[in-house]
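Please read these notes with the model open beside you. Take the points one at a time.

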Amino acid sequence: MIIKKEYAILLQSVRVNMTEEEEEQLIDLHNDKIDWGIIAGQMFNHRLGGYFIKNLSEKRRSYIPKELRCTLELLVQAQRRQTNDIYKVLAPILEELDRYGVRYAGLKGIVLNSSIYAPGDRRSNDTDLLVYEEDLEKLDEILRKHGYLQTFGKKVNYKEATRREKLIQRMNYHDLVPYVKVLDKEFLTEHKIDINFQFDSKENNITKQIFDYGTVKYKNEFGQVQALPWETNLAHLCVHFHREGVNSLWTDGKRDVILYKIVDIMNAIRSCPEPSKIESWPELMNKLNLQKAAYYTMYALSQFYEDHRISKLMQGLNVKDTSFVNEIKREGKNEIEIRTKSFFESAIDLQR
């Protein structure tokens, strides 16, 4: 895969656990003239500023224009403050969930900020939790006690969602109307909690199997969270990526090609604690009937990264017809449209 040097620098700089060889390859890329405007524009659009600056070696740091470097360092400080605020708000809620026996697991940002990334590296807009459907009433009681309400509203107009809105969301999607609390913090004026009770879908109801597979505790300097182990955490990142990539609800706003999601999945793979888990993961996806979501995600990932682990994760997936990787369902219509651009081309196209 041959891509423009600036895109290669950005994509390679945000990887975790880089080897000496990878570091040398990056330094070689910096030796020619570089358009830092391209890198900065893509970096901020795709929410990769924290990843980029925190992952720099001293050698590569010297290549970055001073004002850009200072801006990125300030960004990390703001994101760190925001992450700390989120953990402070969440801590008493998670304690109550444990005390009252509500079965839950953190998803996405709250997990990544406690495992792969240090606080400040990654911005999280909300908190995602997977909860047993049988525990939703108990969860609702706890969240309301802490000042949350269910709303689709914006900050100027928070209003409890109607019963009809809640039923439609619960019946037609994999989650609930978000729980939101207004806060008076500089970098966190509201906190939103998205509650998922279906790991995948109503048709593939595997939430119990996911919880039976186990949960683990992840910690950082601000606190800890109960979440899924590497295998099922990666599975959920794939399910989420696939869901947003095949429906016009998300593709129309290009939410399917925001690069931090691709980077998170790649870094989750690079953070695999044991090589044997890479080998066994495809079979687990087959068993959970998640092979299409897994294949779709790895197919997209391969357009950004050349990594032998991606190929290994694709091998063994029970997928015979792969035509679905470029299909998008047009929401509200019985229509399928075909992608005319690759994931990579769509991601870097910032023209409006």
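Is Asn289 buried, partly exposed or exposed?

1. Start with Asn289. This is a predicted model. In it, Asn289 has a relative accessibility of 45%. Find Asn289 in the loop between helix H14 (275-287) and helix H15 (291-301). Now check the backbone: phi of Asn289 is positive, near 60°. Asn289 is not a glycine. Most residues other than glycine have a negative phi.

2. Go next to Lys254. This residue lies in the loop between helix H12 (248-251) and helix H13 (259-270). Its phi is also a positive value, near 60°, and Lys254 is not a glycine either. How accessible is Lys254? The relative accessibility is 21%. Buried means under 20%, so Lys254 counts as partly exposed.

3. Now look at Gln198. Its place is in the loop between strand S5 (188-196) and helix H10 (207-213). Gln198 has a relative accessible area of 5%. That is under the 20% cut-off, so Gln198 is buried. Which residues does Gln198 touch, apart from its neighbours within four places in sequence? The contacts are with Leu130, His174, Asn205 and Thr207.

4. Helix H6 deserves a length check. It runs over residues 66-99, which makes 34 residues. At 1.5 Å a residue, H6 should span 50 Å. The C-alpha atoms at its ends are 49 Å apart, so the two values agree.

5. Stay with H6 and follow its axis. Where does H6 bend? The bend is at Leu90, and its angle is about 35°. A proline, Pro92, follows within four residues. Just after H6 comes Gly101, with a positive phi of about 70°.

6. Step back to the whole chain. The protein chain has 17 helices and nine strands. Its C-alpha atoms fill a box of roughly 60 × 50 × 40 Å along the principal axes. A compact globule of 352 residues would have a radius of gyration near 20 Å; the chain has 20 Å, so it agrees with that rule.

7. Buried residues make up 55% of the 352 residues. Take the contacts with a separation of 6 or more: 72% of them join residues 24 or more positions apart. The accessible surface of the chain is about 17,200 Å². Carbon and sulfur atoms account for 48% of that surface.

Technical notes. Residues numbered from 1 in each chain as written. Predicted model: local features only at pLDDT ≥ 70, side-chain atom pairs only at ≥ 80, totals over all residues. Heavy atoms only, no water. Helix = DSSP H or I, 4+ residues; strand = E, 2+ residues; numbered from the N terminus. Expected span 1.5 Å × (residues − 1). Bend = angle between axes of the 7 residues up to and from the residue. Rg over C-alpha atoms; globule rule 2.2 N^0.38 Å. Buried < 20%, exposed > 50% of the residue type's maximum accessible area, 1.4 Å probe, protein only. Contact = heavy atoms within 4.5 Å. Areas by Shrake-Rupley, 256 points an atom, 1.4 Å probe, with all protein chains shown as cover.
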